[in-house]
Amino acid sequence: MPPVIEISGLRKTYRKLLRQPHNALDGLDMEVAAGQVHGFLGPNGSGKTTTLRALLGLIGTDGGAMRVFGEEVPRRLPQVIGRIGAVVESPQFFKHFSGRLTLQVLAESAGIASARVDEVLEQVGLRDQAKQSVKGYSLGMRQRLAVAQALLKRPELLVLDEPANGLDPAGIHHMRELLQWLAHEQGVTVLVSSHLLSEVQQLCDSMTIVSRGRRIVDGKVADIIAGHSGSQLSVRFADAGEIGRAMEVLASAGDGVSVAAERERLVVTGAPEAAWVTRTLADAGLYLSELTTETKNLESVFLELTGTAPQAGQPVQVGQAVPAPPVGASAETATGGEQ
Ligand SMILES: Nc1ncnc2c1ncn2[C@@H]1O[C@H](COP(=O)(O)OP(=O)(O)OP(=O)(O)O)[C@@H](O)[C@H]1O
Ligand SMILES: [Mg+2]
């Protein structure tokens, strides 16, 4: 089955008077397969919303090609828009309408049976607040109402920009269950953007990671994380003065070994095994006092993947090594080491 979404070489440059043009999308490629929850993951400002807006014909682009259900967009968007539900811009609601009335009006204008309104209210978990006016809705409740609105027409493709925004933990859990049910049980293709790897890891089957408007990696979420989440070794010495020389010895002794000095310890990545570190140091007359293996956290994997963008046209394949963070700036330190 061909991908539901195919994007290749997408470019978007924002131009403002008296400002340097800004390449928000710099040749972005993305493919989304049918019947999956696909995560579109990238740091703030990496071009996720810009891509989704371009895909839905809300903004123009400066190059590249996009297809949805095999149809070229935006040219053929009118032919496929009826099959797409989306929440990308923050939706505006009539404040004095209740949640149910909001959906009823939309359903009527689209010729959708009113029984569907109750179905989607139930699905997004708004049934009990359906009679309240939208004016009193929290951010999370508005987000649910927007998703309900997108679901009304039983879309085959659901596009959501940061759907977890404003949701509390129970709301996130509920949204996750709903999106997975839609994809896995109802065959809906779901594309969600996020800037949190942990969220994508829990929700999505596959993902595209972007940084600075380019694809860095794509594939199954589990494969990408497994391919990049190796472990690192922490090495300490009784005499912290030996750290400098130990760093030189380790860095020059092994191909692909990267060493970072961090407070009173060394952080070694890419070493063949822990014993190699002990042996290499002992051969140079350096004796360590402590050696521990630490598993890299998700946050550091994400930073590693998005910290250094590859050259255009050279996406990193799943399992392929990515450039290590610079010496002295280990990802763990940069993120505060959240586990
Ligand atoms: N209307 C605009 N005018 C000028 N620059 C813009 C505009 N919209 C976005 N940008 C810039 O384009 C880049 C990509 O923005 P975009 O909103 O697509 O990022 P994002 O990945 O969705 O980020 P976030 O995670 O914060 O939502 C950013 O540098 C942003 O400042
Ligand atoms: Mg955004």
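**Close-up views of a predicted model**

**View 1. The largest nonpolar core of the structure, which has 47 residues, with Leu158, Leu179 and Ile209 making the most contacts inside it.** As in the other views, the structure drawn here is a predicted model. Helix 5, which spans residues 139-151, supplies seven residues to this core, and that is the largest share. Apart from this core there is a second, separate one of 26 residues, whose members include Leu25, Phe40, Leu52 and Val73.

**View 2. The surroundings of isoleucine 209, one of the residues with the most contacts inside the largest nonpolar core.** When neighbours within four places in sequence are left aside, isoleucine 209 is in contact with Leu41, with Arg214, Arg215, Ile216 and Val217, with Ile224, and with Phe302, Leu305 and Thr306.

**View 3. The shell of 13 residues that surround ligand 1, in which the closest are His22, Gly45, Lys48, Thr49 and Thr50.** By residue type, the shell around ligand 1 divides into seven polar, three charged and three nonpolar residues. Helix 1 gives three residues to this shell, which is the largest share.

**View 4. Polar side-chain atoms beside ligand 1, shown for tyrosine 14, asparagine 44 and threonine 49.** In the side chain of threonine 49, an N or O atom is 2.8 Å from an oxygen atom of ligand 1, while a polar side-chain atom of asparagine 44 lies 3.0 Å from an oxygen atom of the ligand. For tyrosine 14, the polar side-chain atom lies 3.4 Å from a nitrogen atom of ligand 1. Taken on its own, ligand 1 has 630 Å² of accessible area, and the protein covers 65% of that area. Strand 2 (22-32) and helix 1 (48-55) are the elements that give two or more residues to the shell around the ligand.

Note on methods
Residues are numbered from 1 along each chain as its sequence is written. Chains are lettered from A and ligands numbered from 1 in the order in which they are written. This is a predicted model: local features need pLDDT of at least 70, side-chain atom pairs count only at pLDDT 80 or more; totals for chains, interfaces and linings use all residues. Side-chain values use heavy atoms; hydrogens and water are left out. A nonpolar core is a set of buried Ala, Val, Leu, Ile, Met, Phe, Trp, Tyr and Cys residues joined through side-chain atoms within 4.5 Å. Buried means under 20% relative accessible area, exposed over 50%, partly exposed in between (1.4 Å probe, protein chains only). Helices (H or I, at least four residues) and strands (E, at least two) are DSSP runs, numbered from the N terminus. Contact means heavy atoms within 4.5 Å. A residue is near a molecule or strand if one of its heavy atoms lies within 4 Å of it. A polar contact is a pair of N or O atoms within 3.5 Å; within protein, one must be able to donate a hydrogen and the other to accept it, and residues adjacent in sequence count only if both atoms are side-chain atoms. Accessible areas come from the Shrake-Rupley method with a 1.4 Å probe; for residues, only the protein chains shown count as cover. Ala, Val, Leu, Ile, Met, Phe, Trp, Tyr, Cys and Pro count as nonpolar, Asp, Glu, Lys and Arg as charged, and the others, Gly among them, as polar.
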